[in-house]
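Good morning, and thank you for joining this group meeting. Please take a moment to look at the sequence and the model before we go through them together.

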2 protein chains.
Amino acid sequence: MAQAPNIFGKQYMLTAGPTPLPPRVSQVMAEPILYHRAPTFVEIYARVLDRLPLVFQTRNEVLCFAATGTGAMESAVANLVVAGDPAVVASCGKFGQRWAELCDAYGAETVHLEFEWGEKVDPARLDEALAGVGRPVRAVFTTQSETSTGVVNDIRALNEVTKAHGSVLGVDAVSGLGAVNLPQDEWGVDVVVAGSQKSLMCPPGLAFASVSDRAMALAAENPGRRYYLDWGRTAQGQKQDPPDSAFTPAVTLFRALDVALDLLFEEGLEAAFARHALLARAARAGIEALGLERFGPDDENANVVTVARLPDEIDGAQVPKLMRDRYGVTIAGGQGHLKGKIARIAHCGYYGAFDIVIALSALEMALRDLGHDAEPGSGAGAAQRVFAEAGEIPAPVSG
Amino acid sequence: MAQAPNIFGKQYMLTAGPTPLPPRVSQVMAEPILYHRAPTFVEIYARVLDRLPLVFQTRNEVLCFAATGTGAMESAVANLVVAGDPAVVASCGKFGQRWAELCDAYGAETVHLEFEWGEKVDPARLDEALAGVGRPVRAVFTTQSETSTGVVNDIRALNEVTKAHGSVLGVDAVSGLGAVNLPQDEWGVDVVVAGSQKSLMCPPGLAFASVSDRAMALAAENPGRRYYLDWGRTAQGQKQDPPDSAFTPAVTLFRALDVALDLLFEEGLEAAFARHALLARAARAGIEALGLERFGPDDENANVVTVARLPDEIDGAQVPKLMRDRYGVTIAGGQGHLKGKIARIAHCGYYGAFDIVIALSALEMALRDLGHDAEPGSGAGAAQRVFAEAGEIPAPVSG
C-alpha cells in the first residue's frame, strides 16, 4: 500500500494547562519589552490590577506573583499556617494532595481528609473532620477544579462548613477560575488562588491570590519565613498610586494577561461560563457515544476537563501517546495511579466547539487503532448534536 | 517658533532589567504554546538545562524556578538558613540589603556588614566579621553586581574568606551573570543565583540557582518551611531522564531562553564579557567627557551598569524623567537615598555600541536642558573614540 499523504503533521495542543493561547495574546509577547517602572508598563499593570478583581468577583486586591500556580498555593500556606497548629486539607486528587504536602512542609499538624480520585469532597465529612480536630483550625485548604480527575467541588458548601467552624477557606482555583462560577465575595470565600495558564488564556508564569481582609489580618499575625510570597509586601506595593510591584514583574506575561482580559471581558464572564458548560456537555456526550464511561460524578459544574475512563481491554497508556504521535493531537492521560486508565478532554480557556470535535475524533481514531469498537464520527457527531441543540449561535470573540 | 518635527517619538528602552530583547528572542514567544510534557518542549527544556551550566561555568545542575531573581535569592535563604542561627550578609546597596531582609524573614540572627552605597564589600572586613560571630556560620550572602550602584564585588576574594571560615557563600549574580566573569567551579563558589532578565537577554520570570553538592547537603539537613523553592525537589525533577519539572514550567520563557542561549554561545562567553567591558569603558569615558563624576570605585570589572553622579546644581530627579518623556530614552535613576543623585547607563545583555551612544547623547541633552554645561556630542564622541581604539571590529552576532 502506498504511504498516505501526511495529513496528521499539523499539531493541535489541547491540554488543560498550558492551554491554547489566542493569537493576540501570543503576539503581544513579541513586542519590544517594556521597563517595569516606565509609564507605558505601569498603565498596563494598573489596568490588569483593576480588572483582576472582576474575574475573581471580589473587592479584594488580587495579589500577583511571578510564579506558577503552586507558588500561589504556597503563598496561602506560608501566610496562614502556623507550625505546630492544625491545618485541614480536603482533597480528591493530585492537586488537592499538594495542599497537604505544603502544609506538612510548613510544619502544620495536617489533618488530611482524602477522597477517592474521581469523587467530590463531601461537605458533611469536612464538617465532621473539623469537629474532630478538637482545637481551633485557622485554615482549611481545598480544590475547586481538580484537574487530575475533572471533578469540580462545591466550594459554596465547603465554605459554609468551614466558616461555621470559624476557619478560613483557601481554594485552589488554578484551573477553574474563569471557567466555573466562583463568586468569591458573594459566597464569602477568604482566599482564592489561581494561575495564568488555564482559563485565563495566558502562558504559565503568573500566579494570583485574592485574599480577604480577614485572611490578610491572620497573615499579619503570623509573620516570618516568607518574603517573595508574603501577602503584605505584595499588597503594599500594589496599593500604591500608581501601583508598584515589590519585585520586578514578569512584564511580558502581564502584557499577555492584559490582552487576555480584553478578550475575556469582550466575551463576558457569564458568557465564558456558559461556553465552558456547553463545551463540557458536548465532550460528555461525545465520550458516551464512543462507548466510554465517564470518570467522576455526574455534575453539570464539571466544566473544566471532561474525563473518560478507558476500556480495561486496551492498553490505556497508548491512547494519549497515539493521539499525539500518530495524529498530532496532544491531550493528557491520567496522573499517578490513574496513568493508563483515563483520558482527559480539556475545555478551559481559549477553547471552541471544533477543539472538542478534534479531541473526540482523534480519541476515537486512537481507540479504534487499539481495538476498541466505535463507529467513525460517533464522538464528533454527538458533540455536534449538542452544539446544534444549544440554540442561537453567538458571534465569535476573535482571539 | 514652529513646533519641531516629532523626532523623539521613537522609544529606546535602555535599562538594566528588563533589558532589551533580541528580536529572535521576542519572536519565539509569539509561537503557539507547547504542552510542557510533550516531546517538543521536553527537548527544549533538556537543551536549556544542558547549557545553563556552561553560563555558570559549573558542573552543578542549575535549578530553574518560575520566579524573578528575588525568588532565587529566597531559595538560597530558605534552603540554607536555620532559624536562630547566625547568617552573615555583606552588602553595599539595595540588592545586598535584600539578603539581610530575607535572612531576617527566615529568623536568622543576621549579622549585616553594610558598606556605603557606591563602595565595594571589603574582604578583610568580612573576615573580621566572620571571626567576630563566635559561632560557626553556615552561610554568607553577598552580591556580585550591585545594580543599584554599578559596583561589582570581588567574589573570588570574598569566597576565599568565606571558605576559610568554613561557611558557604551565596552570591546574587542576577545582573552580573554573563556580563562579568564568575567561574563558579574554578573559584569554588557554593551558590550562585541569577535571573533571566539581565545579561541572559530574556524577559523577567525565570530564576536560577547553581548549587554545589556541599550546599545541597546542607539544605537536605535543614528541611521544611519551603516547597516551591525547595532545591531538592527541583533537582530531583531536573535530573530525571528526560528531565521533568516539579511544577509547570514557564514554557514561553524557556523557549525565549533557549534562543537567547543560542545567541550567547554563538558570540561566546568570553567575547560577551569582553563586549560588556568595552561598552563599560565607553560609558565611563562618555560620562567623564560630560563633566560628570563617576559614582563608585575605579574598577575595570564594573561592566554591568555605569553610574554617573549628577551635579548638585541641577534637579537630578529630572534627568531620567526628561530623557524618557522628552527624548524617548528610558534609563534608570537612583533608588533609595540615591534618588535624584545618580543616573545609570546600563550595558548588560543585548547591548551594542550605539546603545551607549544613544544613552550618552540623551543624557547630555537632558543635562543641558537643566542648565549643565556640556559641549554637544562630547559624550558620544568620547564613547566613539573608545570604540575606534578598541581594535578590529568583530562580525556582529545578529539577534
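Let me begin with a definition: two strands pair if DSSP finds at least two bridges between them. Helices (H or I, at least four residues) and strands (E, at least two) are themselves DSSP runs, numbered from the N terminus. What you see is a predicted model, in which local features need pLDDT of at least 70, side-chain atom pairs count only at pLDDT 80 or more, and totals for chains, interfaces and linings use all residues. Residues are numbered from 1 along each chain as its sequence is written, while chains are lettered from A and ligands numbered from 1 in the order in which they are written.

I turn to the division of the chain. Chain A falls into domain 1 (23-265) and domain 2 (268-388), with bounds that come from an automatic or database domain assignment. Their centres, taken over C-alpha atoms, are 28 Å apart. Between them, 24 residues of domain 1 of chain A are in contact with 23 residues of domain 2 of chain A; contact requires that the C-beta atoms, placed from the backbone, lie within 7 Å. On the domain 1 side, strand S7 (151-152) and helix H10 of chain A each supply at least two residues.

Next, the sheets. In chain A, seven strands form an open, mixed sheet in the order S2-S10-S9-S8-S5-S3-S4. Strand S2 (62-66) and strand S4 (109-114) of chain A each have a single partner strand, so one side of each is left without a neighbour in the sheet. Within this sheet, strand S9 (residues 191-195) and strand S10 (residues 206-211) of chain A pair in the antiparallel sense over five bridges. One of the residues involved is A:Val192, whose bridge partner in S10(A) is A:Ser210. Helix H8 (residues 213-220) of chain A lies across S8, S9 and S10 of chain A, at about 100 degrees to S8(A). For such angles, axes are lines fitted to C-alpha atoms, for helices over the stretch in contact, and the angles run from 0 to 180 degrees between N-to-C directions.

A further open sheet of chain A has four strands in the order S11-S12-S15-S14, with antiparallel pairing. Its edge strands are S11 (293-294) and S14 (332-333) of chain A. Strand S12 (residues 305-309) and strand S15 (residues 342-346) of chain A pair over five bridges, and A:Thr306 has A:Ile345 as its bridge partner in S15(A).

How are the two chains related? The same surface serves both copies, as 100% of the contact residues of chain A recur in chain B.

Thank you for your attention.

Key:
Contact = placed C-beta atoms within 7 Å.
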